Amino acid sequence: MSNTGTISPVLLIAVGGASCSGKSTFTNWLAEVFEARVIHQDQFYKADCDIPVTDGVANWDCIEAIDMPNFICALQKAKSETGFQSILGSNRPKMNSAEVSTVVYEELRSLANTTKGKCRLVFVDGFLLFTDPQVIAEFDAGFFLKASFNTLVERRNRREPYITIEGSWVDPPGYFEDLVWPAYLENNRMILNGTISTHCPQFVESLCLLDTNDSSIEANLTSSVQLVCRWIQKRVHIHQFRDHSRRIKVILISSVLSLVYLLYWGFALNDETNLLSKESSHLFTHIFTKLSMYTAKPPVAKIQPVATVLHNVSIIDNYAWLRWIDADPDVRQYLLKENIYAEKYLETLVPLQKTLIAELKDAPQQPAQRNRCLPQDENMTSFWEHQSYLYWITYADNKSHPIYKRRSISSSFDCTFQNNVTSETQYQPEEMVLDFNTILSKDTQYYYIGAFEVNPFMPNLVAYSIDLAGSERYTLRVRDIHKGVNLDIPAIENTYYSVRWAHDSTTDAASHWLYFNTVDQQYGTPMEIHRVCIWNCIDQFGLIIGTVPEIVYIESDISFTTELASSTDDSLIFVKVVGQETTELHLIISHLNTWKLKCIFPRQAGITYEADRYGEDLIIRTNSENSPNFRVIRIALLTFQGDRTETITVDTLLYHSTLRFIEKVEAFTSHMVVWFWEDGLRQLCITDLQTDPYACHQIQFHLHDQPSTQVYSLLPGTISDIEARLFRRHDASYFLFTQSSLLEPSTVFYIDFSKPMPTSIYRSSAPKIQQDRYVQLRLWISIPQPGQAPLRMPLSLFYRKDSNNIEPIQPRPTLLLAYGAYGSFHETGFSEDFFPLVDRGVLIAICHPRGDGDMGSQWYKDGKYEAKINTMSDTRKCIQELVKLGYSKPGAIALKARSAGGLIAGSAISWIWEDQTPMVNAIVAQVPFVDPIFDMLDESVPWTAFEWFEWGSPKNYTIFKAMMQYSPYLNIKSGNHPAVMVTAGMEDPRVPFWEPAKFVAKLRTYKTNEISIGSNYLTSEATPLLFRVYSTGHFSSMDEDARIKELTEWYSFLLCQIL
């Protein structure tokens, strides 16, 4: 390294992890590539005689074995020139060329030499680097190497005797298991439990976790060298920024002095001479006018081509630089300009937005109707039963955040849903559970509530979690309901959605444990299950236990995630290891304060399981045994206890059917409720498990000859999303479900198992409308298949009749909604949000293309992997049929899609129609997935490996060819395009902000009819392209005002294009 010129800063990079995780080898390779210096923490071991002894054995793996003061001093000295030069540059062994090929090594070496310039690198290798925040504070960045227990044991056993200051060391039997592994967990708990983000928030931004279980040294080295290069670029930009800042300060000071001088002489001179100050005024006005005009111009992103060669095809990405927001200040500048440009356009629509907001918030409402057993709370928005309580959510006047309340369910008052008692009935007093107005500031714009879990064994405790950024990393807390305060325990950061309580109810001496899943710091997905003791945390010896979260399960395969589930009666907790197509199911078996995991269904590719408890049996929904639409089986719970190896006896309760897709199964004390899809509609049936376990009696919700009855939503309990946490009273003689449609507001029904006839007990409030003025119906679209019978695709419609209130309708402006991924089910339920559109004559059309799950598993499979193009062609077919049948007006159609539906929205921008007549005039793409090839190549992006089993990996040639055909980012065509509004969330972990940013930047260079803000955009053929960048994440805020503001922005945008 040259010593001439200005001394560049030293970058101190930590490489930590467990013993035998590969730290030293990895460090030496990095140092070899970057020609860097290395500090080994092992060099700071104390003398053999000073090593602490544990149980008669020298303990080399505790912090007391290291001379930490000298080690910290060495780190600090390394940052100076003299200290840097004192580190030996040749303290590296000769590297094993078999670990990294010569070609890869030379490429990495070239990249490193090009990037580092005069930047000086020191890599620090050690097993105690992340224990003390004081030590962590010395590092600029770091790597943490992970490996499974079994892998580490195997490597440790193969290791040669360790050379110490005074001799050598060989592990005695059990040394790794008894000392090394526990010390690793203890010394690295800040990283393993995620609390390092609290203690060292800045360092976490430059901390990379590497899995050395299966990844090769070459693979880890390649990705890590690229990452170090980005760290170097960031450091260089910081220093450049400081230099620029100094210049800017000089310019600003000069400008201020000049302005003061100008103003002084303007006031000081006589009136004739004072013309100078008038000229100055004109000058300033001209400057600010020009600045305003500049912000209104469509932003132009710089072009920096990056070539990626895949399957001998070179793909150029001119906007890959938009990802590196921390390294390239131009990224923030570009995003800021896009937001300013979008706001400038949307400012002209503020009057319309205000009108829409008033219609949504102030429309006359039909009050809710309710059974007398329910709370007579006019502000109640939802309710549910769990164990012995009735819970509900309400809002206080002039307060914006939800309030959770409950009251005891007492049969002594004879209040049951069957008899709908009179208003004179006495009720148990209501109790405040959580008032988020006391937890959140009234000005909180974004929040999302993750978990709400009352301890079923000690119901005065509730666990709840909140995300205030949109990153889907939740802060978990526990509250004492009776006292109205949080428990005096540290908040648990970095958790995900799953939370469950566990308690050995056979004895009062058992502790109350809280289980939860956490987000992996490197991959951004929930890959770990932890538990922490919350109550009665003293063991039989009087010792405090479990107050620090401990690991229950770690998943090493990055294509899988972890979550928790429980039986309806709360007696069993399951750890679910979930892939896109495969699940593995574990049972947590606990006794007093001990626990163990029992794998009851190991993973098999393409096989999934879900389980509930019925007495001494498990009721299981699975697609095993060639059952793609799922079947329901029963297996004795005793089968999974101990190490039993005899053949499992399987009792099939509901067989597989090609016509019916089984979605969910619930087990009650004596009955089973099965939720399934048939003919594109969700339905349910009830089985009496005691008298006739093989018959499922279906409840009828629609008529085959009446299309208006074929548009509805059906959901268990009172939830609004089939994936949401569902609470039940397991021992109840009835169950609840919710039904709505595009026209009918949500109504909760009660069904008695003894006489299954639905009875309404609650109908939510809704706008006052004349229902006979509106129409909802379902059409069937025929999709030709070469050599086969055509497929039938459902299309749901909702519109207001013409002013004469008669049919047939005239072609009208249309908003088409579509998604088409993950086998999801596009609900056709009630939404007040639709009425401002339909009351303006807009037809709402919901397309159900292949890739959705409405028509069964094959319908889903025909819209994924290399068949993904079917999703786009089906949506296009929906538009064509709407025009052909006279429902929609060509050129007055808007298409809105979000997330994975971004493939549809992004593709539609460049669709060419047969007769050259533009069909779609406006497109709203919210947090859109539009770049499958580059996205699926980057494993550092959260969820990438998980998503391989939805889209496939472009490293597979068949998948690559398909993605090249349908990728919106790679298939933008030059010409006139519809009006487009794209949104992104800066904290979005699912579709990172740079993906829609790249898409918009590229689209601007291909769009030949971009509007100018000053033009008459209502009549001009030019159309706007807006990019709205929010500071939040993938989902809208639970704050209603913030949600409505975002909604009315894109409503006003599309209405100006299609009306």
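1. Two strands pair if DSSP finds at least two bridges between them; strands are DSSP runs of E with at least two residues, and helices are runs of H or I with at least four residues, numbered from the N terminus. By that rule, β23 (residues 512-519) and β24 pair in the antiparallel sense over 8 bridges. Trp 513 stands opposite Cys 533 in β24.

2. The model is predicted: local features need pLDDT of at least 70, side-chain atom pairs count only at pLDDT 80 or more, and totals for chains, interfaces and linings use all residues. Residues are numbered from 1 along each chain as its sequence is written, and side-chain values use heavy atoms, with hydrogens and water left out.

3. The hairpin of β23 and β24 has 6 residues between the strands, and in it Gly 524 takes a positive phi near 75 degrees. Of the 10 residues of β24 (residues 526-535), 9 are buried (under 20% relative accessible area, 1.4 Å probe, protein chains only). Strand β24 is also joined to β25 (residues 550-554) by 4 bridges, again antiparallel; here Glu 528 stands opposite Ile 554.

4. An open sheet of 5 strands has the order β13-β41-β40-β39-β38, with antiparallel pairing. β13 (369-370) and β38 (713-716) stand at the edges with a single partner strand each, so one side of each lacks a neighbour in the sheet. Antiparallel β38 and β39 (residues 734-740) are joined by 4 bridges, and Pro 716 stands opposite Phe 737 in β39.

5. Helix α13 (residues 329-347) meets helix α23 (residues 994-1006) through contacts (heavy atoms within 4.5 Å) that involve Tyr 334, Leu 335, Glu 338 and Tyr 341 in α13 and Ala 997, Val 1000, Ala 1001 and Arg 1004 in α23.

Notes: Axes fitted to C-alpha atoms, helices over the stretch in contact; angles between N-to-C directions. Buried < 20%, exposed > 50% of the residue type's maximum accessible area, 1.4 Å probe, protein only.
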